[in-house]
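I opened my notebook to write down what I looked up in this one. Here is the structure, and below it are my entries.

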Amino acid sequence: MSTENTTQSAARERGADGVRLSAGDTELTVHPDHGCRIGSLRVGGTELLRQGDKYGCFPMVPWCGRIDHGRFRNGGELHQMPVNSPPHAIHGTGRNLRWRTARTDDTTAAFTYELTDPAAPWPYPGTVTQVVELAEDGGSLTLTMGVEATGDSFPAQAGWHPWFLRNLGEGQDVQIDFAPEWQEERGPDHLPTGRRITPKPGPWDDCFGMSRGVEVTLTWPGRLELTVSSRTEWVVVYDEQEAAVCVEPQSGPPNGLNTAPRLVTPIDPLEISTTWSWRAL
């Protein structure tokens, strides 16, 4: 595609309704002004994501899940994040910000924001990038996120929080199939205790470990099968709501800034990706 055509396509796709991508019979909309969340994913005309300002699929960055009372340490420095899910801080700040659209064409778009954005009180400078890419045949979606440090090193996490509809409007509810090696034991404060236990049956609001990579299959019987895969080894599964279920690949466990810090440095950025692939049944 020529530069002129790419620019024209970008102008068409950007607007008040978000950035729209399409391939085959798949269409999706990303809202960079609303936390760079995917607001809609339609396959064959069927919406897969719960609708609403809090839903869709949002990036969790620069941390995932809960931070104990919103506090984390980087060496000798103690930092306090906004307590947005008392008594903890939850799901990062990237979902609350306006991201910049860096490039877009018919099937791919890239977005960025600066960690020192005044609306997000992260104490270290750096850049976050999210790339959203539909396969040419419309049969899969790949999301990639990177966190780069431009100054001092800092602990960070990244991941995604999709809200898949429990029911697609007719037929049976979705079925979740996965084979984790362990479950992070959840304490009464909703934080992992540090113990790894044998996975328990749902319903869940729990983090699981899959050392060979995340692979979780969602099946809407007679309608669609969708597999969430990622090379990371942690996934949170949340299915306690009536309307939706969540399968959240992430680069570390909840409260991981404190218990399993992954340092981002100017020469060692954090990168994570996930692919959703689907087929009609």
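Entry 1, a charged pair. I looked up Glu47 and found that Glu47 is buried, at a relative accessible area of 13%. I noted the cut-offs too: buried means under 20% relative accessible area, exposed means over 50%, and partly exposed is in between, using a 1.4 Å probe and protein chains only. The side chain of Glu47 meets that of Arg42 in a salt bridge, 4.0 Å from N to O. For a salt bridge, a side-chain nitrogen of Lys or Arg has to be within 4 Å of a carboxyl oxygen of Asp or Glu. Arg42 itself is partly exposed, with 32% relative accessibility.

A note on where my numbers come from: this is a predicted model, where local features need pLDDT of at least 70 and side-chain atom pairs count only at pLDDT 80 or more, while totals for chains, interfaces and linings use all residues. Residues are numbered from 1 along each chain as its sequence is written, and side-chain values use heavy atoms, with hydrogens and water left out.

How many salt bridges does the structure hold? I got eight. One of them joins Glu184 and Arg196, with the closest N and O atoms 3.7 Å apart. Glu184 is in strand 18 (residues 182-186) and Arg196 in strand 19 (residues 192-197), so this pair ties together parts that are 12 residues apart in sequence. My helices (H or I, at least four residues) and strands (E, at least two) are DSSP runs, numbered from the N terminus. Is Glu184 buried or exposed? Glu184 counts as buried, at 8% relative accessibility.

I then checked Glu185 and Arg195, whose side chains also meet in a salt bridge, at 2.6 Å from N to O. This pair links strand 18, where Glu185 sits, to strand 19, where Arg195 sits, 10 residues apart. Glu185 is partly exposed at 22% relative accessibility, and Arg195 is partly exposed at 48%.

Which residues have the most contacts inside the largest nonpolar core? I found Val147 and Trp276, in a core of 64 residues. Strand 13 (residues 140-149) gives the largest share of this core, five residues. A nonpolar core here is a set of buried Ala, Val, Leu, Ile, Met, Phe, Trp, Tyr and Cys residues joined through side-chain atoms within 4.5 Å. There is also a second, separate core of eight residues, and Met60, Cys64, Trp163 and Ala244 are among them.

I followed up on Val147 and listed its contacts (heavy atoms within 4.5 Å). Leaving aside neighbours within four places in sequence, Val147 touches residues including Val61, Leu115, Phe154, Val264 and Leu270.

I traced an open sheet of eight strands, in the order 10-11-12-13-26-22-21-17, with antiparallel pairing. Two strands count as paired if DSSP finds at least two bridges between them. Which strands are at the edges? They are strand 10 (100-104) and strand 17 (175-177), and each pairs on one side only. At one end, strand 17 pairs with strand 21 (residues 214-220) in the antiparallel sense over three bridges. Asp177 has Thr217 in strand 21 as its bridge partner.

I also picked Thr108, which lies in strand 11 (residues 108-114). Thr108 is buried, with a relative accessible area of 10%. Beyond residues up to four places away in sequence, Thr108 touches Leu21, Arg103, Val131, Val132 and Glu133.

I looked for cis peptide bonds and wrote down the one from Val61 to Pro62, with omega near 5°. Pro62 is in the loop between strand 5 (57-60) and strand 6 (66-67). The bond from Gly202 to Pro203 is cis as well, with omega near 5°, and Pro203 is in the loop between strand 19 and strand 20 (205-209).

Next I checked phi. His69 is not a glycine, yet has a positive phi of about 55°. I placed His69 in the loop between strand 6 and strand 7 (71-74), and it is partly exposed at 34%. Asn255, not a glycine either, has a positive phi of about 65°. Asn255 lies in the loop between strand 24 (244-250) and helix 2 (256-259). Is Asn255 buried or exposed? With 8% relative accessibility, Asn255 counts as buried.
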